[in-house]
Structure formats: structure tokens, C-alpha cells
Amino acid sequence: MLVGQLKEIEIFQSLPEEILDQLVSVSKTIHLDANETLFEEGEAGASIFIILKGRLGLFKENQEIALLWQGQFFGEMAVIEEKPRSATIIASCESQLLEIPQEVFYSLLNKHYDFLLSVLKTMCQRARGSIQDLALGYQKIRAQEQLSTQLNQIIDSSPSEILIFDYPSGRLVRANTAAIHGIGYLHNELHKLTLLDILKDIPLDEFTAKMDSLISGKNGTLNFRTVVQRKNGNENPTEVIIHPMGHATESLFLAIFKGEQTSHAASLNQSLNNNYDALTGLPNRNLVNDRIQFFQAYAERHDALFTIIVLDIDNFKTLNEALGPQAGDELLKLVAKRLVQYLRKEDTVARMGSDEFLLLLILKEEQDASRMAKKLLQMFEGAFVVGNEEVRVSVSLGISMYPHDGHDPVTLLLGADAAMHRAKEQGKSTFQFYNASLLTRAANQLKIENALYRALEQEEFVLYYQPKVSTADFKIMGVEALLRWQHPERGLVPPGEFIPIAESSRLIIPLGEWILETACKAIQEWSTYKLEHLSVAVNISGYQFNHSNLLQTLEQILNKTKIFPGHLELELTETILLDDSKGSMDRIHQLREMGVQLAIDDFGTGYSSLTYLRDLPVHNLKIDRSFVHNIQHERNLAIIQAIITLAQTLKLKTIAEGVENEDERELLNNLNCDQIQGYLFCRPIPFDEISRMLKESSGS
Ligand code: C2E
Ligand code: CA
Ligand code: CA
């Protein structure tokens, strides 16, 4: 093996050449054939392995739970803890590994921070529960995140005009592209209208009566004809279908207009003349609505059922990265081919998006759907041959049935898609039937989004402040601004419940500006207290950092409030800091040039490479609460110690989050952690209270 080969691997890039030479001479290279086992769960072992070539599967209890590929390493837990192997590793294809024995590892660890960092990062991740929990938790978050975007996509790609409205208020919450074009109102104008501003021919009491019968469950959907009034004054007779999003008792509903197509929608459709997917030759998204309507007509005539199955390849992104895009495309073609071969002529297979396929199948009876789903899963047990390699993939399926789950293409598609995401959450390689509660969750998300917009308008947000004190003597060194939503009915809502939604709906941009400005105004007020060293920290979310004009906004606010920039500290997460794209690096340096302080928040929880930490222009490092919380556990203590040592060499100040008791403080003090923040000293408190506290502490 050659040093050159090692240099291609990220974690080695920080090591000097002589160390690499040494490494090559003292480490072993290991070759594995496809399906060969490296070690099994429970075995003893004291080496770290780094994948030089190929791919390996990580198994727990005979379940493959992760795929590892070139450049990744594993086995460090057994080395550091001197415990048995916690998983079984089997090569998925011919692979080559570098085995670094414990002694060699420790000699590297002592001298090379970047290397240590990479390993530390992996330890941190694994310390928070078993790998399986991590993988599942991550899938769950991803699946939920995707659910609402995908629902939006499906709604958006429908050629029918669709409005989502709240009932009983009738307020419009969302419109798809066809409706925006067809009806003529922009998103922000729509927010101010109710459904009945647009539906002309239906009196309020009649509409209320219809909705009540829908909600009481007498009808699954509402269907009536009325006139739609468009912004340009045109009026068209239209058939309206109203369908609850989720349970009928929920307050969000879809209104689908089946009018004679407006000229715009018609021309839009014409331009979508391209109805087949270039890669697989299958019908694409554009044809799907037509096909569903065709199946619907067929099913009605023959008194048959049909089912929509959304099929999504598990971990396709990872596979695609490991295989390379060309082989990824090849794999998709093979999947398409296998599906077509397997299904009957009268069935339809379409490709909906990158790794998502749609199947439309005529059935005789309902049980056929789960039979089909099981067969489909089995069908994927056989490997695909891509190039010279065998690749195994599994799929997740979501199923909705006509007429049981809906009468129109949009509802059926939404249902199947939501069910597919549910299947992913359940751990993949499985299928789920649609049920109404799935849409309820998506509806909840939308409801919060809508409520957040109103909250900003109605000034329901407030900032609370939590002191950061020196570990040794509880002297107040700074405060962190933490957002709260003062909900008129629910009271104080913590940010964890709404920040992710504010990010996905982009509300975080105006909200983030408000937060910065409010915090700077607070600094302005406190500037009379003679607290020269005081820093006021504001959290910046990833989306805000990447998509808002943060520098310009900040400059305006600094000019307006005339505060000393050094009093303001921005807390950035690892994901922001370690995005080494030029744009984001430039922004970080510019922020620093403006004179604001920068801190890394939640240190230890990130998933990205930490090799760049040394070059980052940050001042402070906040150790994540999850390590502090169980500081008595030896492993957490070791991690905190490593983090603090590292921070000291890099001349960063350390702040431990979530310190709740004196034992924790004492341990941290012994480890030379500079500051602590947590319930032990004070919870986050409102502006007036913190002002009083600061005033007292300054003695003024
Ligand atoms: P974070 O930045 O890690 O904030 C610290 C969180 O730890 C706060 O939760 C705080 O109330 C909580 N905490 C403080 N001391 C203790 C303790 O001793 N024990 C325990 N168990 N918890 C403690 P909070 O306020 O619920 O905020 C949660 C997260 O929401 C924050 O985590 C931050 O990521 C985000 N966030 C809060 N405010 C803002 C904001 O203004 N903008 C942005 N973008 N994100 C924010
Ligand atoms: Ca923070
Ligand atoms: Ca934090």
C-alpha cells in the first residue's frame, strides 16, 4: 500500500507525510471478498479499520443498519473502551481496509488534533445511544421533514387548482401553482382571503351546512358546483371537491376545483407535453393524473378496485454517493425494468422523481393490495448487477386504495405518499397503508406554519435571556437570548416546537431579523450598566445563515442601535461552520471583521468533519447539554475533557450548557471549563428580570 492512497482519504489529509509513512509500515492491509465477515458483534478486538476501497454493511442482530464506504472508519469504540465489538461487519463487495492497531492509534491520537477530532466526532455521535437509535431517529426526522415538502410537491404538481383552507374561519392557508396562476392572487394576497371570497354562488349558511355534514362524518368528501371568481373579474362555473386533510374533525381542508381549464392551465399543460421520463422511459409525473382518472373510470365500469403504491428506494442518496451517479442511474433503470417485467400489462408504472416510483394496479379484492406489497418487497431481495458489482436495495411502499381512501387523484396520491413516509419511519423495507391520521400530521405542520406567520404580525414572540456565568465564582459573563412564543391560548411555547417549521417555511428570515434587532436593543439599554465584558448571544439557524442577507441586516441593526459589536455574539452550529463552501467561509470571516463574537453551539452533536476547526475564526465553544447531563458517565467525562483540551490549544473559551447541579459544576471546574450556563444558576428569564439581575451584578 502507498502513502498516496492514504492521502485520498479525508481523515488522513491532516497528517504529515512522515506519519503516513510510519502508518503504512506498521499497519496491515486487509482484503475481503464480497459477503466475507470481518468481525462479529461481541468479538474482542483492538484495531480501528479504515475503508480504502469497497463497501461494508454494518449489522446488528442480523439486520443491516448502515452502509460504510470508502474513507469511513469504524471499530474505534472497541479500541477506546476496550469492550467487545458492538456490531457485525460484512463486506458488501470486494473491499480493502487498513487496520490500525491500538498502540499505533494512541501514538497518533496524542499528537494530531485533526485526526483526534475526526475520531472524537464519531465517538460523540455514538455516545448518544446505539447506532440503530441514531439511524432510526434520523430517518424519522428526515421522513417528517420530507412529508410536508412532498405533500406540497404533489399538490403543486397537480394540474387542478387546489386551495387549502382553515375551517370554520374559511381563511386560505395555501394554494398550489395552478391555483395561483388560475385564480390570479399571489401567496400573500391569498392569506388575507377566505374561501367564500372566491366561491361566489354559495351562501354562507349553505356552505356551513355542507361543511357540518362533512365534519360530522356523514360524507367523506363534499362535492358541489359553484362559480369561482378570479382576480381579473372572470367568473367560471366550477365543480368543487372538499376533502379534509386528515380527520374530518381537523380544521384544514383541501378545496379542489375541477373547472373547465383556464387558458393558462391549458397552456401550462401543453408545455408539459413531455410525458415520459428520459432515463427509464416510464411515464412521468405529468401523466399520472390522467392515468389515475383512467383507472378510476375503469374501476367504476367494472366494479373493481385499484390501488396506488408509491415505491421509494431506501437510502438511495447514500447508495448513489457510494456508487457514483452513473451507476446510480443504471440502478434506477434496472429497478424500472424489474418493475415493468413483474407487473401485468394493464398495470402502470411511472417514475415520480429521483428514486420514487408509482404503481397503479387493478385489484379484485382489498387483500390483494398487501399481497402485492409483500411480493414487491420480495422482488427486491434479489441483487441488481450494476457494472460488475452486485447491489442490493430495499424499498419502502405506501399504499392507498380507490375508492376506500379517496375519489380524486390528488387525495389518493397524497395518501399513498404519506403512507410511504410512514413506512420509512418504521425502519424501511416495509409497507404501510394510508390512514387519515397521516394527513393530520401534515395538516398540523401547516397549521403551525400559518399560526407562526400571524404570531409575527401580532407580535407574539418574546426573547428570554439566560445568564452564562464563570464556573469558578458564578460571575455573570454574558446572556443568551432564547426565543419564546407567547401563544394566546397555549401560553409560552418553547422554540423546539416551532423553529424547525419556521425554517422550512422561511419565516425564520423575518423572525431572525426581529430577534437580532430585539437583542441589540437590549444591549443598547444595558450599555448604561457598565458591564464592559458582557456578551449577548443570539442563535442563528442554518437556513437563516445561508439564505438571508445576514451581513447587511446586521450592519443596519448595528448602525441603528449604535452598540459596540463586541457585545454581540452569534451562536452558529457545526453544520454552518463546517460548510466549507467559499460563500459560507467568506461570510464567517466578514462577520468576524465586523467585530461580533462567534461561538460554536451544541459542540459535539454535528455530523460533519471537524478537520477545519483550527482554521475557523470563532472565539467560544459551547459544549452540548447531552454530554454535560451525564457527566458522571466516564465516557462523557472523557469527551468533555478532550473537548476542553482541544479548545485550550486552539485558544477557545469553553461554555458548558445545561449545568443543573453543583456536582456537575465542580467536575467542570476541575476540568477548567471557563463558563457554565444552566438551571443551576438561572433559567431563561424575561427582559425585565434579567435587566434587574444585570444591574445588581454591575453594582450600578
Ligand atoms: P440551544 O441554543 O442549545 O439553547 C439552550 C437550550 O437549553 C435552551 O432551550 C435552554 O432553555 C435550555 N437549557 C438551559 N439550561 C438548561 C438546563 O440546565 N437544563 C436543561 N434541560 N435545559 C437547559 P430552549 O430555550 O428551549 O431552546 C431550544 C433551542 O431552540 C436552542 O437550543 C436553539 O437551538 C433554538 N433557539 C432558541 N432561541 C432561538 C433563536 O432566537 N433563534 C434560533 N435560530 N434558534 C433558537
Ligand atoms: Ca444556543
Ligand atoms: Ca446549545
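**Close-up views of the predicted model**

**Figure 1. The shell around ligand 1.** Strand 22 is the element that gives the most to the shell around ligand 1, contributing four residues. The model is predicted: local features need pLDDT of at least 70 and side-chain atom pairs count only at pLDDT 80 or more, whereas totals for chains, interfaces and linings use all residues, and side-chain values use heavy atoms, with hydrogens and water left out. Residues are numbered from 1 along each chain as its sequence is written, while chains are lettered from A and ligands numbered from 1 in the order in which they are written. Helices (H or I, at least four residues) and strands (E, at least two) are DSSP runs, numbered from the N terminus. Ligand 1 is surrounded by 20 residues, of which the closest are Gln466, Arg484, Arg625, Glu660 and Tyr679; a residue is near the ligand if one of its heavy atoms lies within 4 Å of it. By class, this shell comprises eight nonpolar, five polar and seven charged residues (Ala, Val, Leu, Ile, Met, Phe, Trp, Tyr, Cys and Pro count as nonpolar, Asp, Glu, Lys and Arg as charged, and the others, Gly among them, as polar).

Figure 2. A polar contact is a pair of N or O atoms within 3.5 Å. The side chain of Gln466 places an N or O atom 3.0 Å from a nitrogen atom of ligand 1. In the side chain of Asp602, an N or O atom is 3.2 Å from an oxygen atom of the ligand. Tyr679 takes part through its backbone, with an N or O atom 2.8 Å from an oxygen atom of ligand 1. Taken alone, ligand 1 exposes 800 Å², and the protein buries 83% of that area (Shrake-Rupley method, 1.4 Å probe). Strand 22 (476-487) and strand 26 (597-603) are the elements that give two or more residues to the shell.

**Figure 3. The open antiparallel sheet 10-9-13-12-11.** Five strands make up this open sheet, in the order 10-9-13-12-11 and with antiparallel pairing; two strands pair if DSSP finds at least two bridges between them. Strand 10 (172-175) and strand 11 (222-229) stand at the edges with a single partner strand each, so one side of each is left without a neighbour in the sheet. From one strand to the next, the twist averages 30° (axes are lines fitted to C-alpha atoms, for helices over the stretch in contact, and angles run from 0 to 180 degrees between N-to-C directions). Helix 10 (residues 204-215) packs on the sheet and touches strand 9, strand 11, strand 12 (235-244) and strand 13 (252-257), contact meaning heavy atoms within 4.5 Å. The direction of helix 10 makes about 145° with that of strand 11.

Figure 4. Three bridges pair strand 9 (residues 161-166) with strand 10 in the antiparallel sense. Phe165 has Leu172 as its bridge partner, and Leu163 stands opposite Ala175. Five residues lie between the two strands of the hairpin, and Gly170 in the turn has a positive phi of about 80°. The loop between these strands also holds Pro168, which is joined to Tyr167 by a cis peptide bond with omega of about 15°.

**Figure 5. The open mixed sheet 15-16-14-19-20.** This open sheet has five strands in the order 15-16-14-19-20, and its pairing is mixed. Strand 15 (348-353) and strand 20 (431-433) are the edge strands, each pairing on one side only. The twist averages 20° from one strand to the next. Strand 14 (residues 305-313) and strand 16 (residues 356-363) run antiparallel and are joined by eight bridges; in this pair, Phe306 stands opposite Ile362 of strand 16. Helix 14 (residues 325-342) lies across strand 14, strand 15 and strand 16, at about 0° to strand 16. Helix 15 (residues 367-379) also packs on the sheet, where it touches strand 14, strand 16, strand 19 and strand 20, its direction making about 160° with that of strand 19.

**Figure 6. Backbone features in two further loops.** The peptide bond from Tyr402 to Pro403 is cis, with omega near 5°. Pro403 lies in the loop between strand 19 (395-402) and helix 16 (409-425). Glu459, although not a glycine, has a positive phi of about 55°. The loop that holds Glu459 is the one between helix 17 (436-457) and strand 21 (461-470).

How values were computed:
Polar contact = N/O pair within 3.5 Å; in protein donor to acceptor, adjacent residues only side chain to side chain.
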